Amino acid sequence: MKTMQTDNAILQVRKLTRSFGRLLAVNNLGFELKSGELKAVIGPNGAGKTTLFNLITGKLSPTSGDIRFQGGSIAGLAPHAIAQRGLARSFQLLNLFPNLSVFENVRVAVQARHRLRSSLFTAADGLKGVQGKTEELLERIGLSSYADHQSSQLSYGDQRSLEIGLALATEPKLLLLDEPTSGMSPLETQQTTQLIGRISKGLAVLLIEHHIEVVMALADTILVMHHGEKIAEGTPQQVSSDSKVQEAYLGGL
Amino acid sequence: MTFLRVFRGRQGGYYCFLIFLFALALLPLGVDRLYSSFYLRFGTEMLIWGLFALSVDLIMGYTGLVSLGPAAFFGLGAYAGAITLLRLADSIWLALLISLVLCGIVAWVIGYFSIRVKGIYFAMLTLAFAQIFYEIAFRWRSLTGGSDGLIGVPDPTIGIPPYTLSLGDPYVFFYFTLAVVILVYFLSVRLVNSPFGRVLQAIQDNEERVEFLGYPVRVFKRRAFVASGMIGGLAGMLFALLSFVDPSVLYWFTSVDVLVMALLGGLGTLYGPIIGAAAFLFSRDLLSSYTEYWRLILGLIFVWFVIFSPQGLVGLYRVTKRRLLALWASSSMPILINKVVDDEDHADR
Ligand SMILES: Nc1ncnc2c1ncn2[C@@H]1O[C@H](COP(=O)(O)OP(=O)(O)OP(=O)(O)O)[C@@H](O)[C@H]1O
Ligand SMILES: [Mg+2]
């Protein structure tokens, strides 16, 4: 891995801080993500990983610091405005449309990128390109045969795939995945690892993950958080030999 | 087979609705032969309240916004229409235009403030806004006639002179209303199946995720609220031509009635609330000829529906039909019917 280059960074996080009362959930955090890079964010429970995602995607606004996406600041913007710029996330807990069909779940997400996405009197099912892209995406996440099922009737593992699918359907430039394998069986974890490997080609990805074998299989770089702070960052080799990381994990996980 | 297909799944209720509309369209033929002309007026009233209940379905059944102030738009539409006819010009089109534009603007403003908050707070704000309009109708006597209401609203005509028809003629007004309701119904069907309408349904299911997909949820909700307010205003405008406009059109009873109609019929279907309005008015008419406690009895019926058939009459119809088909399937022609029941399960999803 080369050293960090500012010019082709798609995401730049600078001195980012978010406090909840006296708790500093994210504390003076800084890092960069290059386009095409997959960076795993790891750390013990409560380290502030999800809070970091919430700050980047607009669910929370920073107490201080800046977040720049493709050169422009996105700190404190509304979630929909950030998503429109090409940033999509999946959630740690399932966050789907439980009463809609699997197909419609993905279709609405694909539609978000369409010019006529808020048109009043055209037929949604006739939107040019949307139907095709939806089918293609269902194929990619392996849910084609469940297209007509209500999403809440899918198995947990399949719902997690759909969770990733919804984020992917908006054709993001940066994808944030929050523990995509949480609660999965070893087999499902393996399948999801392969899925992420396939979809992340050429895409910038931030991945929160507790399974160390998943991280090792996928990550170009790793960011380690502890008590809201960055305690290490670098290639998997660099990070795994870092003494502070070993300490944090022995002490906190 | 075709006979069975007609009564399948979602389509089943829909076809019943078309039959209902068709039967209603024939209503004028029986006047003076089978029943008095009162029932023509009654049918018109059902259609108007059905239109109003449909407007409620758009926000409650498709967007998940529970407003307690739909009367604001019904009343505003009624007053705007009647005052236009009384003071400005004897033109139905001008009255319609002013009602629709005014209701659209007011819905936007109410929506702008109310949609910032959710759930019960949204409901209370919409109720408060409706009460403000009720107060205004009471106090602004020079414009609204206060508690006396508006007297002497002229009957407008439609058509190009000399070929004109007066909307004061109950037959003409009935068909005029029927045409408006059918038009708005089909526009609404288009709306809920448009890209916009699909986003509304996604918002109802999980608004946070919609926001994170890149849709400005508040803007979508507000537009739905405006569409609903305009349709409610249209219903009010028609009501002004049918009946008498006084502050009671803005009273919270009006909101409660229309909410009951929509729930009774079945939310999220567009046609359900129209049927619900008809059922509500029919029961009221029937019950009130026996007892002055008709509200009590209707209330109990409503409670029964909320507990045992939350999808209203449409849901009751679907469940009953499924049970009957299953019963029939177990006694005769098992293969054929099982297939129909299967298909229907898919259609309901
Ligand atoms: N909205 C909130 N309000 C108050 N405190 C919060 C909020 N969100 C997170 N926190 C706190 O901030 C800290 C970091 O939480 P966060 O969810 O970011 O951790 P995490 O690294 O994602 O942990 P996990 O691995 O368990 O998901 C925790 O102590 C949590 O209790
Ligand atoms: Mg987390």
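## Around ligand 1

Let's start with a contact you can find by zooming in: a backbone N or O atom of A:Gly46 sits 2.9 Å from an oxygen atom of ligand 1. Keep in mind as you read on that this is a predicted model. Side chains join in as well. A:Thr51 has a side-chain N or O atom 2.6 Å from an oxygen atom of ligand 1, and A:His210 brings a side-chain N or O atom to 3.1 Å from an oxygen atom of ligand 1. How much of ligand 1 does the protein bury? On its own, ligand 1 exposes 630 Å², and the protein buries 61% of that.

Now for the neighbours. There are 13 residues around ligand 1, and the ones that come nearest are A:Asn45, A:Gly46, A:Lys49, A:Thr50 and A:Thr51. Sorted by type, the shell has four nonpolar residues, seven polar ones and two charged ones. Two elements of chain A, strand S2 (23-34) and helix H1 (49-56), each provide at least two residues of this shell. Which element gives the most? That's H1(A), with three residues.

## The magnesium ion

Ligand 2 is a magnesium ion, and its protein donors are OG1 of A:Thr50 and OE1 of A:Gln92, at 1.9 to 2.2 Å from the ion. A:Thr50 belongs to helix H1 of chain A, while A:Gln92 is in the loop between strand S6 (87-89) and helix H3 (102-111) of chain A, so the pair ties together parts that are 42 residues apart in sequence.

To be called buried, a residue has to be under 20%.

## A four-stranded sheet

Next, find the open sheet in chain A: its four strands come in the order S2-S1-S4-S5, with antiparallel pairing. The edges are S2 and S5 of chain A, and each of these pairs on one side only. What holds strands like these together? Strands of a sheet pair through backbone hydrogen bonds, either parallel or antiparallel.

S2(A) and S1(A) run antiparallel and are joined by eight bridges; one place to look is A:Leu16, whose bridge partner in S2(A) is A:Leu29. Strand S1 (residues 9-20) then pairs with strand S4 (residues 64-69) of chain A, again in the antiparallel sense, over five bridges. Here A:Gln12 stands opposite A:Arg68 in S4(A). A:Arg68 also has a bridge partner in S5(A), namely A:Ser73. S4(A) and strand S5 (residues 72-73) of chain A run antiparallel, with two bridges between them. Their hairpin has two residues between the strands, and in it A:Gln70 takes a positive phi near 50 degrees.

A:Glu179 isn't a glycine, yet its phi is positive, near 50 degrees. You'll find A:Glu179 in the loop between strand S7 (174-178) and helix H6 (186-199) of chain A. Is A:Glu179 buried or exposed? Its relative accessible area is 9%, so it counts as buried.

Now hop over to chain B. B:Leu270 isn't a glycine either, and its phi is positive at about 70 degrees. This residue is in the loop between helix H11 (252-265) and helix H12 (271-288) of chain B. B:Leu270 is buried, because its relative accessibility is 1%.

Back in chain A, A:Gln191 is part of helix H6. With 43% relative accessibility, A:Gln191 is partly exposed. How far is A:Gln191 from A:Thr181? They are 10 residues apart in sequence, and their C-alpha atoms are 9.5 Å apart in space.

Our last stop is A:Ser200, in the loop between H6 and strand S8 (204-208) of chain A. A polar atom of its side chain lies 3.3 Å from the backbone oxygen of A:Gly197. A:Ser200 has a relative accessible area of 11%, so it counts as buried.

Methods
Residues numbered from 1 in each chain as written. Chains lettered and ligands numbered in written order. Predicted model: local features only at pLDDT ≥ 70, side-chain atom pairs only at ≥ 80, totals over all residues. Heavy atoms only, no water. Near = heavy atom within 4 Å. Polar contact = N/O pair within 3.5 Å; in protein donor to acceptor, adjacent residues only side chain to side chain. Areas by Shrake-Rupley, 256 points an atom, 1.4 Å probe, with all protein chains shown as cover. Nonpolar A, V, L, I, M, F, W, Y, C, P; charged D, E, K, R; others polar. Buried < 20%, exposed > 50% of the residue type's maximum accessible area, 1.4 Å probe, protein only. Pairing = 2+ DSSP bridges. Donors = N, O, S within 2.8 Å, 3.2 Å for Na, K, Ca; no water.
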